[in-house]
Amino acid sequence: MKIWVDADACPTAIKAILYRAANRAQVELTLVANQMLRTPPSPWIRALQVPAGFDGADQRIVQEALAGDLVITADVPLAAKVIAKGACALDPRGDRLDASNIQGRLSMRNFMEELRSSGVETGGPAAFSAADRQTFANRLDGFLSKRR
């Protein structure tokens with residue numbers, strides 16, 4: 001089991017939680033981004049830079065992720081693709097995305113995209129909070145506990 005991170009938009013606080021968890025659980029953590037990332041020195045943590053371009057990191061994660069892996073992403077279409085491969089997905093706010101809820105999430109995402117493209121201002125997500133960090137840490141810990 002490996003953890004893959006769609007790192008271009010992943011909050012720094014979530015990356016810090018992931019670094020600690022990877023070292024504690026001794027699980028491979030790979031951050032994929034189209035920019036160079038600094039990661040702490042660890043045999044469990046690596047950064048993978050992909051060429052800049054539309055969805056380059058997403059495509060690499062889909063290519064590399066295997067059934068049983070965990071993908072950290074707020075990108076619903078990416079989550080759908082890795083779920084179809086048998087991987088699990090967790091967004092940075094701690095929401096688990098799986099076969100039971102991904103179609104609803106995709107539908108809502110597509111609906112909101114249509115609204116925005118027609119000129120409707122939909123607003124953005126709520127500010128990232130300490131409660132979001134805690135929820136993410138708890139869900140990640142639960143996932144890693146099941147792995148043992």
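At what angle do helix α1 and helix α5 pack, and how far apart are their axes? The first legend takes that up; note that everything here comes from a predicted model.

**View 1. Helix α1 packing with helix α5.** Helix α1 covers residues 12-25 and helix α5 covers residues 130-147; the two pack at an angle of about 25°, with their axes 11 Å apart. Angles under 35 degrees count as roughly parallel, so that is the label α1 and α5 get. The crossing of α1 with α5 is right-handed. On the α1 side, look for A13, I14, I17, L18, A21, R24 and A25. Their partners in α5 are R133, F136, A137, L140, D141, L144 and R147. Sorted by class, this α1 and α5 contact has 10 nonpolar and 4 charged residues, and no polar ones. As for the spacing of such positions, an α-helix has 3.6 residues a turn, so residues three or four places apart point the same way.

View 2. Q26 isn't a glycine, yet its phi is positive, about 55°.

**View 3. Helix α2 alongside α3.** Helix α2 (residues 56-64) packs with α3 at an angle of about 10°, their axes 9 Å apart. That makes α2 and α3 roughly parallel to each other. α2 passes α3 in a right-handed crossing. From α2 come D58, I61 and V62, and from α3 come L78, K81 and V82. The class tally for the α2 and α3 contact is 4 nonpolar, 2 charged and no polar residues.

**View 4. Helix α3 against helix α4.** Which way do α3 and α4 run relative to each other? The axes of helix α3 (residues 76-84) and helix α4 (residues 102-117) cross at roughly 155° and come within 9 Å. With over 145 counting as roughly antiparallel, α3 is therefore roughly antiparallel to α4. Their crossing is left-handed. V76, P77, A79, A80 and I83 of α3 touch I102, R105, L106 and R109 of α4. In this α3 and α4 contact, 7 residues are nonpolar and 2 are charged, with no polar ones.

**View 5. Helix α4 and what follows.** After α4 comes G119, with a positive phi near 100°.

Conventions. Residues numbered from 1 in each chain as written. Predicted model: local features only at pLDDT ≥ 70, side-chain atom pairs only at ≥ 80, totals over all residues. Heavy atoms only, no water. Axes fitted to C-alpha atoms, helices over the stretch in contact; angles between N-to-C directions. Helix = DSSP H or I, 4+ residues; strand = E, 2+ residues; numbered from the N terminus. Parallel < 35°, antiparallel > 145°, perpendicular 65-115°, else oblique. Left-handed = near helix turned anticlockwise from the far one by under 90°. Contact = heavy atoms within 4.5 Å. Nonpolar A, V, L, I, M, F, W, Y, C, P; charged D, E, K, R; others polar.
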